[in-house]
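Please brief me on this structure, grouping the points by topic and giving the cut-offs behind each term.

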Amino acid sequence: MTPADLRWGAAILLLLIAWLLPRRAAGTPLKLSPALPLDLVLPLAVFALVLLCSARPLLAGVVTLAAGAGWARADRDKRRVLAEPIVFTDVFQTFDIARHPQLAMPFPHKAPLVLAGLATIAFFSLVIWAEPPQWRANVWRSLCLLLMAIAATLLARRLLPHLYAGFRATQLSADPTRDAARHGPFATLLLYGLFARHERAARRALSVPATTRHTHEGPVVLVQSESFFDARRLHPDMPQGLLPQFDRGCRDSLQWGRFAVPSWGANTVRTEFAVLTGLTEEATGFDRFNPYYRFADAPIASLAQTLRAAGYHTVCLHPFDRSFYRRDQVMPQLGFDEFLGEEAFADAPRVNGFVTDVEVAEVAARLLRERGPKLFLFVITIENHGPWLGVPTQKLAALEALPLDADERRGLNHYLGSLANADAMFGLLRETLEALPQPGTLGFYGDHLPSFPTLFPKLGMTDSRSDYLIWRADGGSGQRQDIAAHELGAALLRA
């Protein structure tokens with residue numbers, strides 16, 4: 001056996017390990033299934049690409065192994081932190097996270113980052129130096145390979161409808177944990193993308209505008225509060241006076257209650273889209289994981305469109321990068337006349353790097369006073385976005401009695417400090433609406449629960465619902481009514 005044979009054998013072994021590691025993380029058994037060849041496509045594509053570019057099989061195997069191991073680690077981490085595996089829209093969302101890493105992880109110190117980069121470069125340089133190329137570079141061969149790749153891509157696009165029809169037999173459940181365990185993580189990723197693309201236009205066409213008669217002339221404010229929920233549900237020893245403004249709002253609201261949301265710990269736009277459009281996850285299909293990725297590229301019937309048709313000026317206010325989640329492109333499709341992003345918050349005070357909720361409330365209050373009664377204002381806050389790793393602004397003695405370790409207690413303390421700011425925001429908006437000549441309507445809800453994957457089980461917290469209320473300046477009876485996210489828009493219109 002020649003050294004070249006050994007290198008090819010080692011490369012193929014590394015390729016197989018790179019494929020098996022993510023399957024192990026997903027709990028996928030190694031058995032024959034219709035999706036098995038599809039699950040091999042992505043590892044093979046990475047291996048082939050590196051091989052064709054470098055003419056080094058061992059290098060291709062090492063790169064593929066690194067990619068497979070990285071995928072398996074990221075998949076395990078997402079399952080632990082967000083209770084679901086990687087889905088196809090995450091691949092595209094990675095670019096947004098790379099631009100704003102503080103949203104997902106503590107920003108690494110420069111020295112370890114530089115050292116890790118140098119070590120990686122050194123390692124791959126060593127592999128390239130130690131392995132001679134299997135063939136010499138040739139312009140014509142490279143051109144032929146490029147043309148073959150283009151032809152294969154065009155052929156694959158023509159075959160998509162046939163692939164869709166063939167893989168209907170796989171009976172995908174739209175539960176990514178279950179489907180990845182059954183079909184494999186890479187096959188599930190590709191099938192979800194394929195099904196979403198094929199069904200998107202038909203599902204989008206089912207979006208029907210809400211109809212209602214509008215006699216109310218006052219402003220309408222809807223606040224999507226980052227990670228908001230009544231944290232007193234965590235444990236009897238939680239501070240009972242945590243949300244005084246929200247409590248007062250519930251007592252004289254039109255309705256309030258638990259709020260069933262389609263995500264846990266992150267993926268804000270799932271709840272956001274459901275609230276604005278009234279569409280369920282079933283109606284959105286496989287685009288449910290990020291409806292802003294492609295589903296909302298065309299006009300969608302929405303709460304904003306309904307109010308705009310009734311003469312309201314519709315404004316979205318979000319103190320962050322307007323292009324994050326493609327909101328700058330999506331909000332006009334959802335019926336918003338104006339989108340105010342972080343440019344409206346120059347030099348604003350921040351917590352954990354994010355504009356404070358109270359500052360957002362001040363800007364919202366100014367808009368309400370300046371724009372007149374026919375204003376629909378949709379506010380998306382971000383202060384209480386995790387991870388909660390900073391120094392808490394307050395230390396609550398009551399938390400010392402909870403069965404938590406020091407890091408969990410510190411994170412909860414930090415979260416509760418910003419939760420109190422969200423409560424203050426609600427109070428400020430309420431006071432603003434009460435002072436206006438015409439009674440205003442205020443909806444307030446949490447987009448999802450905060451991601452505390454170890455803390456919640458320790459405290460016995462299993463309810464994944466957040467909280468909401470609908471309040472009007474001319475009063476209400478404070479009726480409790482638990483609803484789902486897609487039901488809130490209709491409830492607000494009825495108010």
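Predicted model: local features only at pLDDT ≥ 70, side-chain atom pairs only at ≥ 80, totals over all residues.

Residues are numbered from 1 along each chain as its sequence is written, and side-chain values use heavy atoms, with hydrogens and water left out. Helices (H or I, at least four residues) and strands (E, at least two) are DSSP runs numbered from the N terminus.

**The second largest pocket**

- The second largest pocket has a volume of about 1,000 Å³, and among its 31 lining residues those closest to the centre are Val 41, Leu 42, Leu 189, Leu 190 and Leu 194.
- A pocket is an open set of points on a 1 Å grid over the protein atoms alone, where a 1.4 Å probe fits and protein lies on both sides within 12 Å along at least five of seven lines; lining residues have an atom within 4 Å of a point.
- Grid points are joined across faces, edges and corners, and the volume is the space filled by probe spheres set on the points.
- At least two lining residues come from each of helix H2 (36-54), helix H3 (57-82), helix H4 (88-99), helix H6 (139-167) and helix H8 (185-205), and H8 gives the most, with eight residues.
- By residue class, the lining of this pocket comprises 23 nonpolar, four polar and four charged residues, where Ala, Val, Leu, Ile, Met, Phe, Trp, Tyr, Cys and Pro count as nonpolar, Asp, Glu, Lys and Arg as charged, and the others, Gly among them, as polar.

- E1 pairs in the parallel sense with strand E7 (residues 375-380) over five bridges, and two strands are said to pair if DSSP finds at least two bridges between them.
- E1 is also joined to strand E8 (residues 441-446), again running parallel, by six bridges.
- Val 221 stands opposite Leu 377 in E7, and its bridge partner in E8 is Leu 442.

**Strand E3 and its crossover**

- Strand E3 (residues 313-317) is mostly covered, four of its five residues being buried.
- Five bridges join E3 to E7 in a parallel arrangement, and Leu 317 stands opposite Val 379 in E7.
- E3 also pairs in the parallel sense with strand E4 (residues 338-340) over three bridges, with Val 315 opposite Glu 338.
- From E3 the chain crosses through helix H13 (residues 327-333) to E4 in a right-handed β-α-β crossover, meaning that, with the strands pointing away from the viewer, the path from the first strand over the helix to the second runs clockwise.

**Helix H3**

- The 26 residues of H3 should span 38 Å at 1.5 Å a residue, and the 36 Å between its end C-alpha atoms agrees with this; the expected span is 1.5 Å times one less than the number of residues.
- H3 is followed by Ala 83, whose phi is positive, near 65 degrees.

**Loop residues**

- Ser 227, in the loop between E1 and helix H9 (244-251), has a positive phi of about 60 degrees although it is not a glycine, and it counts as buried at 1% relative accessibility.
- Asn 352, in the loop between strand E5 (350-351) and strand E6 (354-355), is likewise not a glycine and has a positive phi of about 60 degrees, but it is partly exposed, with a relative accessible area of 32%.
- The peptide bond from Gly 386 to Pro 387 is cis, with omega near 0 degrees, and Pro 387 lies in the loop between E7 and helix H15 (406-435).
- Gly 460 lies in the loop between helix H16 (455-458) and strand E9 (466-472) and is exposed, with a relative accessible area of 52%.
- Gly 460 and His 235 are 225 residues apart in sequence and 8.1 Å apart in space, C-alpha to C-alpha.
- Trp 135, in the loop between helix H5 (110-130) and H6, is partly exposed, with a relative accessible area of 30%.
- Trp 135 and Pro 236 are 101 residues apart in sequence and 70 Å apart in space, C-alpha to C-alpha.

Definitions and conventions
Buried < 20%, exposed > 50% of the residue type's maximum accessible area, 1.4 Å probe, protein only.
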